[in-house]
Amino acid sequence: MKPADKIKIPAQIMPTLDPGFRKHTFDEVPVGYGEDSAILEAWRCLNCKNPPCVKDCPVNIDIPKVMALTAERRFVEALQVIRHDNSLPAVCGRVCPQESQCQKNCTMGKVNSPVSIGNIERFLADNFSNELPRPEIDSSSGKKIAIAGSGPGGLSCAYQSALYGHKVTVFEALHEPGGVLAYGIPAFRLPRKIVAEEIKILKQYGVEFRMNTIIGKTISVDEILDEFDALYIGTGAGVPFFPEIPGEDLPGVYSANEYLTRANLMHAGKLWSKTPISVGKTTIVVGGGNVAMDAARTALRLGSERVIVAYRRLEADMPVRREELVHAREEGIETMFLISPVEIVEGDNGRAKSTIFKKMRAENDPEGGRSRIFETDETVEIDSEVVIFATGTSPNPTLTSNCKELELNKKGCIVVNPATCATNIPRVYAGGDAVSGASTVILAMANGKTAANAINEMLKKPDGQR
Ligand code: FAD
Ligand code: SF4
């Protein structure tokens, strides 16, 4: 088909559940492409000679090849191309910020909307994963690898290391594996069965999961290094920032991490839950990223009548994926801009009653950057029995404080050689949010794979040094 004809193919819309229905359930919002839509969408790809999509994909998937195979209905082969570079396509097809990565500079986007690469990735992973031939595992190396944390970085390191024939043990502090994929991102964006399926495959490859085990507390780093040949640290960035304002310790005030963990992992929405969360008539979520939007949409589903996302900058500055913002607004989530909380007011019952915000003012940056934000003297008070802070996180220090020699930067992130993910301690590697600070699933996975390759090379050396 000629490019001029491809341009005329309408972009395929992702069907979604009706907002009025879905805001009362945790069912996944986008329904997924059917076969016809996936094929038509793949036909839109221009098979560019120097494809920007490949360059902009953090793991450099051969996207034009995936599109060409999909257009020819060779779905299993298309999925195989993706799996070569990405071990979690069903996850990444759903949560990767494609609009700022592979789809950002898509050539089709210059004349029509960009090719929906993520939607096709999800279609292939959802429908053809069971038909993929299993990759061959190298014969047993006799080497043992420990992984701290079962987030996407740890899982990707575990998968690659298992393929190399190493015995892998994943240590996880929580009672369920998956990291943020399990405790953070709600099921209406990432159904639990997808993460569970990935864990099942890893177990079939011989990966062992030891839950409720905190490296640095339950077991020390020295004990791990005595027992294992290498350690990969993928402990994420789960410690929340609070703005340090009066009233932030009142009942009814949460960090988004706590709120989402209670809702996602501890059945907090159910009356019988041992760890319930307050459902405010009005919930205010402070922040402007994916985490804020996930917390807001969860609060709505748990029964809050009015949910407001309050952001101190302008809408254009919000780091949230646009698709999530659109979905949230369709469900009735309100947004308020240029306000920053200064106090949470206590009610007669000793709980949060309202939030006082300082109004901000924005000015264009003469150098063309993000608008400049200034405080004003004006304030506004909004009723809010529940306040959720989604204002950023930093790496958890439990493991690193048990390993004083480990080099950290000023923000508490582990310092690594980016080419290998090796830390300053021999046989210890690290990646994902514990190294970069809060980032993305795909970058954590890329780090996990880099580390697995480097560990494998290190283990081949006679002295086992990096
Ligand atoms: P994590 O996923 O954070 O996993 C770390 C694991 O280590 C956790 O399970 C933790 O319990 C465990 N752990 C910590 N300390 C120890 C210890 N001492 N011993 C044993 N285990 C330990 N990214 C996207 O790309 N798209 C999105 O849409 C998106 N939405 C997000 C929504 C939310 C609510 C959140 C919180 C994050 C979101 N992110 C998103 C970011 C993304 O999830 C993270 O960048 C990614 O999960 C980081 O992966 P990781 O493997 O480094 O660590
Ligand atoms: Fe296809 Fe867009 Fe990639 Fe070009 S940039 S190869 S049109 S997906």
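Student: What makes Arg22, Arg189, Asp294, Arg297, Arg301, Glu324, Glu330 and Glu331 a network?

Tutor: They are linked by salt bridges. Note that this is a predicted model. Side chains of opposite charge can pair when their charged atoms come close.

Student: How many salt bridges does the structure hold?

Tutor: The structure holds 30 salt bridges.

Student: Take Arg262 and Glu258. Why is their contact called a salt bridge?

Tutor: The cut-off is 4 Å from a side-chain nitrogen of Lys or Arg to a carboxyl oxygen of Asp or Glu. Arg262 and Glu258 meet at 2.9 Å, N to O. That value is within 4 Å, so the pair qualifies.

Student: What separates Arg262 and Glu258 along helix α13?

Tutor: They are four residues apart in α13, residues 256-265, and therefore separated by about one helical turn.

Student: What makes Arg313 and Asp317 a salt bridge?

Tutor: Their side chains meet at 3.2 Å, N to O. The limit is 4 Å, so the label holds.

Student: How do you know whether Arg313 and Asp317 are buried or exposed?

Tutor: Arg313 has a relative accessible area of 11%. Asp317 has 10%. Both are under 20%, so both are buried.

Student: And Arg210 with Glu208: what makes that a salt bridge, and how accessible are the partners?

Tutor: The N to O distance is 3.1 Å. It lies within 4 Å, so Arg210 and Glu208 form a salt bridge. Arg210 has 28% relative accessible area and Glu208 has 32%, so both are partly exposed.

Student: Which residues gather in the patch of negative charge on the surface?

Tutor: Asp222, Glu223, Asp226 and Glu405.

Student: Why is Glu405 called exposed?

Tutor: Its relative accessible area is 54%. The threshold is over 50%, so Glu405 is exposed. Glu405 sits in the loop between α16 (397-400) and β15 (428-430).

Student: Gln98 is also in a loop. Buried or exposed?

Tutor: Buried. Gln98 has 7% relative accessibility, and the limit is under 20%, so the term applies. Its loop runs between α7 (89-95) and α8 (117-128).

Student: Which residues does Gln98 touch?

Tutor: Leaving out residues up to four places away in sequence, Gln98 touches Cys92, Gly93, Gln103, Lys104, Gly118, Glu121 and Arg321.

Student: Why is Ser129 called partly exposed?

Tutor: Ser129 has 31% relative accessibility. Ser129 lies in the loop between α8 and β1 (144-148). Apart from neighbours within four places in sequence, it contacts Leu79 and Leu124.

Student: Where are Asn47 and Asn60 found?

Tutor: Asn47 is in the loop between α3 (35-43) and α4 (52-56). Asn60 is in the loop between α4 and α5 (63-71). Asn47 has 37% relative accessibility and Asn60 has 42%, so both count as partly exposed.

Note on methods. Residues are numbered from 1 along each chain as its sequence is written. Chains are lettered from A and ligands numbered from 1 in the order in which they are written. This is a predicted model: local features need pLDDT of at least 70, side-chain atom pairs count only at pLDDT 80 or more; totals for chains, interfaces and linings use all residues. Side-chain values use heavy atoms; hydrogens and water are left out. Patches are made of residues with over 30% relative accessible area and no salt bridge: like charges are joined within 9 Å, nonpolar side chains (Val, Leu, Ile, Met, Phe, Trp, Tyr) within 5 Å. Accessible areas come from the Shrake-Rupley method with a 1.4 Å probe; for residues, only the protein chains shown count as cover. Lys and Arg count as positive and Asp and Glu as negative; His and the chain ends are not counted. The place of a charge is taken as NZ of Lys, CZ of Arg, CG of Asp or CD of Glu. Helices (H or I, at least four residues) and strands (E, at least two) are DSSP runs, numbered from the N terminus. Buried means under 20% relative accessible area, exposed over 50%, partly exposed in between (1.4 Å probe, protein chains only). Contact means heavy atoms within 4.5 Å.
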